[in-house]
Amino acid sequence: MKLARYTPSFDLGRVADFDQWLRHPFAGFPAVGQLLGEFIPGAAGRLATDVYEDKDNYYARFELPGLKKEDVKVEVHDRLLTVSAERREKTDQNEESFVFSRSVSVPEGVRGDAIAAKLEDGILTVTLPKQEERKPKLIQVD
C-alpha cells in the first residue's frame with residue numbers, strides 16, 4: 001500500500017474555488033510571475049503576490065517594499081481583490097511616479113464584511129475570513 005500526502009489546496013471537492021484560482025495561475029508563485037514580467041510587455045508594474053489558505057482564512061500577500069499605507073489602495077468588488085499602489089520619487093530636477101497594481105479572484109464563501117488588510121515591513125497581508133460552512137468540521141467517530 002502506498003501512502004500519498006494530503007494537500008488541501010488540491011481538494012477536488014472544491015472545484016469552483018480551483019477554477020477561480022486558475023484564472024491567475026501565477027498568483028501563488030510570485031517569482032515566476034516576476035520572471036514572466038521581464039519578457040511579457042504590460043506585465044511590468046504588477047505586484048509580486050502569494051496566495052494561500054488555512055482552515056479559517058484565505059490570505060493574499062503583496063510585496064510593497066518602501067511604501068506607506070497611505071500609498072496603498074485595497075478594493076474588493078465582484079469577487080475580485082485589487083491592490084494598487086503609487087510610489088513617487090524626487091530627484092534634483094524631476095519627479096517620477098510608479099504605479100503598481102494586482103488583482104486576484106476571491107473564492108466563494110468569504111465573509112466580505114470581515115476582510116482586513118495590514119501593511120508590515122513592506123508586506124501587505126489581506127485576510128479573507130471563510131464562512132463557517134467553508135471551514136473543516138470535525139466529525140465524531142462512534
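How does Glu120 count at 47% relative accessibility, buried or partly exposed? Glu120 counts as partly exposed, where buried means under 20% relative accessible area, exposed over 50% and partly exposed in between (1.4 Å probe, protein chains only). The legends below treat this residue again, together with other sites of the chain.

The model is predicted, so local features need pLDDT of at least 70 and side-chain atom pairs count only at pLDDT 80 or more, whereas totals for chains, interfaces and linings use all residues. Residues are numbered from 1 along each chain as its sequence is written, and side-chain values use heavy atoms, with hydrogens and water left out.

**Figure 1. Overview of the chain.** The chain contains 2 helices and 7 strands, in the order α-α-β-β-β-β-β-β-β along the sequence. Helices (H or I, at least four residues) and strands (E, at least two) are DSSP runs numbered from the N terminus. Of the 142 residues, 24% count as buried. The chain exposes about 10,600 Å², of which carbon and sulfur atoms supply 53%; accessible areas come from the Shrake-Rupley method with a 1.4 Å probe, and for residues only the protein chains shown count as cover. Contact means heavy atoms within 4.5 Å. Among contacts between residues at least 6 apart in sequence, 48% join residues at least 24 apart.

Figure 2. Arg102 belongs to strand E5, residues 95-105. Arg102 is buried yet has no salt bridge, a term that denotes a side-chain nitrogen of Lys or Arg within 4 Å of a carboxyl oxygen of Asp or Glu. The nearest side chain of opposite charge is that of Glu63, 9.6 Å away; Lys and Arg count as positive and Asp and Glu as negative, while His and the chain ends are not counted. The side chain of Arg102 reaches the backbone oxygen of Leu47 at 2.8 Å. A polar contact of 3.5 Å also joins the side chains of Arg102 and Thr49. A polar contact is a pair of N or O atoms within 3.5 Å; within protein, one must be able to donate a hydrogen and the other to accept it, and residues adjacent in sequence count only if both atoms are side-chain atoms.

**Figure 3. The loop between strands E3 and E4.** Asp78 lies in the loop between strand E3 (72-77) and strand E4 (80-90), and Arg79 is found in the loop between E3 and E4. Most residues other than glycine have a negative phi. Asp78, however, has a positive phi near 50 degrees, and Arg79 has a positive phi of about 60 degrees. Asp78 is exposed, with a relative accessible area of 67%, whereas Arg79 is partly exposed at 33%.

**Figure 4. Salt bridges of the structure.** Side chains of opposite charge can pair when their charged atoms come close. The structure holds 6 salt bridges. One of them joins Glu108 and Arg79 at 3.7 Å, N to O. This pair links distant parts of the chain, 29 residues apart, with Glu108 in the loop between E5 and strand E6 (116-120) and Arg79 in the loop between E3 and E4. Glu108 is partly exposed, with a relative accessible area of 39%.

A salt bridge of 3.5 Å, N to O, is formed by the side chains of Glu95 and Arg88. Glu95 counts as partly exposed at 45% relative accessibility, and Arg88 counts as exposed at 56%. Glu86, Arg88 and Glu95 are linked in a network of salt bridges. The side chains of Glu120 and Lys118 meet in a salt bridge of 3.8 Å, N to O; Lys118 is exposed, with a relative accessible area of 52%.

Figure 5. Asn57 is placed in strand E2, residues 57-63, and is buried, with a relative accessible area of 15%. A polar contact of 3.0 Å joins the side chains of Asn57 and Tyr59. Leaving out residues up to four places away in sequence, Asn57 touches Thr127, Leu128, Pro129 and Lys130. The structure holds 1 aromatic pair. Tyr52 and Tyr59 form this stacked pair, 5.0 Å centre to centre with 25 degrees between the planes. Rings of Phe, Tyr and Trp (its six-membered ring) pair if their centres lie within 6.5 Å; planes under 30 degrees apart count as stacked, over 60 as edge-to-face and the rest as tilted. Tyr52 is partly exposed at 34% relative accessible area, whereas Tyr59 is buried at 15%.
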